[in-house]
Amino acid sequence: MAKGFFEKTQFPNTVAAVDGKHIRLQCPKKTGSLYYNYKQFFSLILLGLCDANYCFRIIDVGSYGKESDCNIFKQSRFGKKLYADKVNFPPDAPLPGDEDGVPQPFIVVGDEAFALNKHLLRPFPGKSLTNERRIFNYRLSRARRYIECTFGILSNKWRVFHTPILTSPDFAVQITKAACILHNFVRRRDGYDKQDLENCNIGGIEERRGVGNAPSNAKDVREYFVKYVNSPQNSLSWQNKVIL
């Protein structure tokens, strides 16, 4: 999985990208504002982790629309294990092209909504950043957007997600799980589909507020990645132009 992300995005030691998607619902009966989200419609949350082939590796479906991605992830089985350092990640390894450097952990990439951890990297929040940190944010976003594109492919293939699902929340959860399974089956059967990616609507980088104080070891890992993507041997020829 890490090899796939590095070949396609040049972001090292990455095993998955994580994000949440709102699944539209009709207003559920007798639920008050539980399913009403900040985008001002009713929904439940599909939290997903994907690989570099746009396949779901882990999903968590059914949380209330008003919940934040960070809290949903922390309460998920995988999230609890990740923040407790109990996920069976591969042993730390040098980053590609940095074989003499300090071995680094394998990571999941997410946006600012997720809590920083040595195994979960997020962008630096704010606009007053050094060029080095802006480049890091850009390089990380190239890997993170794979989950956004996975959600886009899912929605464009299964058009039920284009309008509110007119069932109970429990049945909507089953529909969503089934669609994710079928999505993976089609991706593995048909492989790369240019039309899917052309229909994948990815907006700009959304500014989202960071959460909480991160452990010092997580900050150290992120700073190491900052130095890595800005080093002459591991930089991309166009990355300095992107941040102008």
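**Ground rules**

I call a residue buried under 20% relative accessible area, exposed over 50%, and partly exposed in between, using a 1.4 Å probe and protein chains only. This is a predicted model, where local features need pLDDT of at least 70, side-chain atom pairs count only at pLDDT 80 or more, and totals for chains, interfaces and linings use all residues. Residues are numbered from 1 along each chain as its sequence is written, and side-chain values use heavy atoms, with hydrogens and water left out.

**Entry: salt bridges**

I looked up salt bridges, meaning a side-chain nitrogen of Lys or Arg within 4 Å of a carboxyl oxygen of Asp or Glu. The count by this rule is 5.

I began with Glu223 and Arg133, whose side chains form a salt bridge at 2.7 Å, N to O. What does the pair tie together? Glu223 sits in helix H7 (residues 216–230) and Arg133 in helix H4 (residues 131–157), so the bridge links parts that are 90 residues apart in sequence. For helices I take DSSP runs of H or I with at least four residues, numbered from the N terminus. Glu223 is partly exposed at 27% relative accessible area, and Arg133 is also partly exposed, at 30%.

Next I checked Glu148 and Arg144, which meet in a salt bridge at 2.5 Å, N to O. Both lie in helix H4, 4 residues apart, about one turn of the helix. Is Arg144 buried or exposed? I noted Arg144 as buried, at 4% relative accessibility, while Glu148 is partly exposed at 22%.

Then I turned to Arg189 and Asp190, another salt bridge, with the closest N and O atoms 2.7 Å apart. Arg189 comes out exposed at 54%, and Asp190 partly exposed at 42%.

**Entry: cavities**

A cavity here is a set of points on a 1 Å grid over the protein atoms alone where a 1.4 Å probe fits but cannot get out; lining residues have an atom within 4 Å of a point. The grid points are joined across faces, edges and corners, and a volume is the space filled by probe spheres set on the points.

How many cavities of 30 Å³ or more does the whole structure hold? The search finds 1. The largest cavity holds about 30 Å³ of space. I wrote down its lining: Lys21, His22, Ile23, Arg24, Val160, Phe161, Thr163 and Ile165. That lining splits into 4 nonpolar, 2 polar and 2 charged residues. For those classes, Ala, Val, Leu, Ile, Met, Phe, Trp, Tyr, Cys and Pro count as nonpolar, Asp, Glu, Lys and Arg as charged, and the others, Gly among them, as polar.

Conventions. 1 Å grid on protein atoms, 1.4 Å probe; cavity = no way out; pocket = protein on both sides within 12 Å on 5 of 7 lines; lining within 4 Å. Helix = DSSP H or I, 4+ residues; strand = E, 2+ residues; numbered from the N terminus.
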